[in-house]
Structure formats: structure tokens, C-alpha cells
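Subject: Structure for your files

Hello,

Here is the structure I said I would send. My notes on its cavity, pockets, strand pairing and core follow below.

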Amino acid sequence: MATRWIATRLGSFDGLQESDEEVDAPETGEVTIEVRAVGMNPTEFKGLLGESDPALLPLPIGNELAGIITAIGPDTQIGSGGGAIGDAVLAYRVPGAYASVLNVNASDVFAKTDALSFPAAANLFLVGATAADMLRVVERSQAAP
């Protein structure tokens with residue numbers, strides 16, 4: 001059994017609710033991760049507070065996490081290659097990352113370096129992707145005639 005946070009109402013934080021759910025064995029292309037930390041970014045809150053489509057409910061929240069692989073689907077490797085039960089990992093663009101355990105597309109999972117704590121790793125991807133995109137934009141603008 002896993003605990004997961006979902007939005008049951010949009011427009012305020014009052015609609016956040018804990019939900020208990022079974023986690024199936026991972027299929028090919030998936031890994032199961034025991035979550036140790038989740039990223040907290042403005043995107044989650046903008047979606048929760050700014051979204052107005054009730055058809056999205058119940059809405060799982062969270063997009064990035066760090067944790068430990070507890071199961072691996074058949075013939076599956078994580079995004080950085082390899083992957084074994086007990087490996088520390090981080091994952092990005094994971095719908096419903098605010099959970100205790102969940103199945104994740106293995107291509108969105110990467111090995112965590114020992115130099116990063118679980119909380120630091122869980123908050124790395126959105127910030128890092130934003131910084132990398134900004135560097136590409138600046139590089140292109142300087143290269144343009």
C-alpha cells in the first residue's frame with residue numbers, strides 16, 4: 001500500500017488529500033521507487049491554484065522525486081543506463097511524485113550521485129533544466145547575426 005497526495009478540489013490548498021493506493025508490480029519499461037524526497041516547485045502550485053478544469057480531478061501532484069528502486073520491470077533499464085534494486089535514483093516529469101511509493105517510466109529515472117542528498121536530488125531537475133534552457137537561449141542569441 002502506498003500513500004499519495006492528490007488534489008480533490010482546485011483553486012486552494014484545502015483540496016489536498018491523502019489517498020492510499022495499491023502499487024502493482026512494474027511492467028516492462030517501469031521501475032518502482034520508494035520515495036525519499038520530492039521536489040517542491042512553483043509548477044505544482046500554479047497548476048493546483050490556477051487550474052480550473054474539474055475534469056482533471058482527482059489530480060495527482062508533484063513532478064520530481066528522489067528515492068530507492070524497489071522493483072524493476074522485465075527487460076528494463078533506467079534513463080542513465082542499468083539500474084538495480086537498492087539503487088538511489090532521481091526522476092523528473094513524474095506525475096504524482098508526492099507519494100510514498102510509485103511506478104515510474106524508467107526512461108525518466110537517473111542514477112543519483114552520492115554527493116547529493118535525497119532532498120537536493122529531488123529538486124535538481126526543474127531548476128537544472130531551466131538553467132540549461134536559459135544558457136541555450138543566450139548562446140543562440142549571441143550566435144545570431
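There is one cavity of 30 Å³ or more in the structure. On a 1 Å grid over the protein atoms alone, a cavity is a set of points where a 1.4 Å probe fits but cannot get out, while a pocket is an open set with protein on both sides within 12 Å along at least five of seven lines; lining residues have an atom within 4 Å of a point. Points are joined across faces, edges and corners, and a volume is the space filled by probe spheres set on them.

This is a predicted model, in which local features need pLDDT of at least 70 and side-chain atom pairs count only at pLDDT 80 or more, while totals for chains, interfaces and linings use all residues. Residues are numbered from 1 along each chain as its sequence is written, and side-chain values use heavy atoms, with hydrogens and water left out.

Cavity. The volume of the largest cavity is about 30 Å³. Its lining consists of Leu16, Glu44, Phe45, Leu48, Ile61 and Tyr98. Helix 1 (residues 42-50) provides the largest share, three residues; helices (H or I, at least four residues) and strands (E, at least two) are DSSP runs numbered from the N terminus. By class, five lining residues are nonpolar, none polar and one charged. Here Ala, Val, Leu, Ile, Met, Phe, Trp, Tyr, Cys and Pro count as nonpolar, Asp, Glu, Lys and Arg as charged, and the others, Gly among them, as polar.

Pockets. The largest pocket has a volume of about 200 Å³. It is lined by 15 residues, with Arg4, Pro95, Leu102, Asn103 and Val104 nearest its centre. Strand 7 supplies the largest share of that lining, five residues. The lining divides into eight nonpolar, two polar and five charged residues.

The second largest pocket has a volume of about 150 Å³. Twelve residues line this pocket, and Glu44, Leu59, Pro60, Ile61 and Asn63 are the closest to its centre. Helix 1 and strand 4 (59-60) are the elements that give two or more residues to the lining, and helix 1 gives the most, with four.

Proline 95, from the largest pocket, is found in the loop between strand 6 and strand 7. Is proline 95 buried or exposed? It counts as exposed because its relative accessibility is 60%; the cut-offs are under 20% for buried, over 50% for exposed, and partly exposed in between (1.4 Å probe, protein chains only). Leaving aside neighbours within four places in sequence, proline 95 is in contact (heavy atoms within 4.5 Å) with Arg4, Gly62 and Leu102.

Strands. Strand 3 (residues 30-38) pairs antiparallel with strand 7 over five bridges, and valine 31 has valine 104 as its bridge partner there. Strand 3 also pairs antiparallel with strand 5 (residues 64-72), over seven bridges. In this second pairing, valine 35 stands opposite glycine 67. Two strands pair if DSSP finds at least two bridges between them.

Core. The largest nonpolar core has 15 residues, and Ile33, Leu65, Ala91, Val94, Leu102, Val104 and Val109 have the most contacts inside it. Such a core is a set of buried Ala, Val, Leu, Ile, Met, Phe, Trp, Tyr and Cys residues joined through side-chain atoms within 4.5 Å. Strand 3 gives the most to this core, with three residues.

Regards
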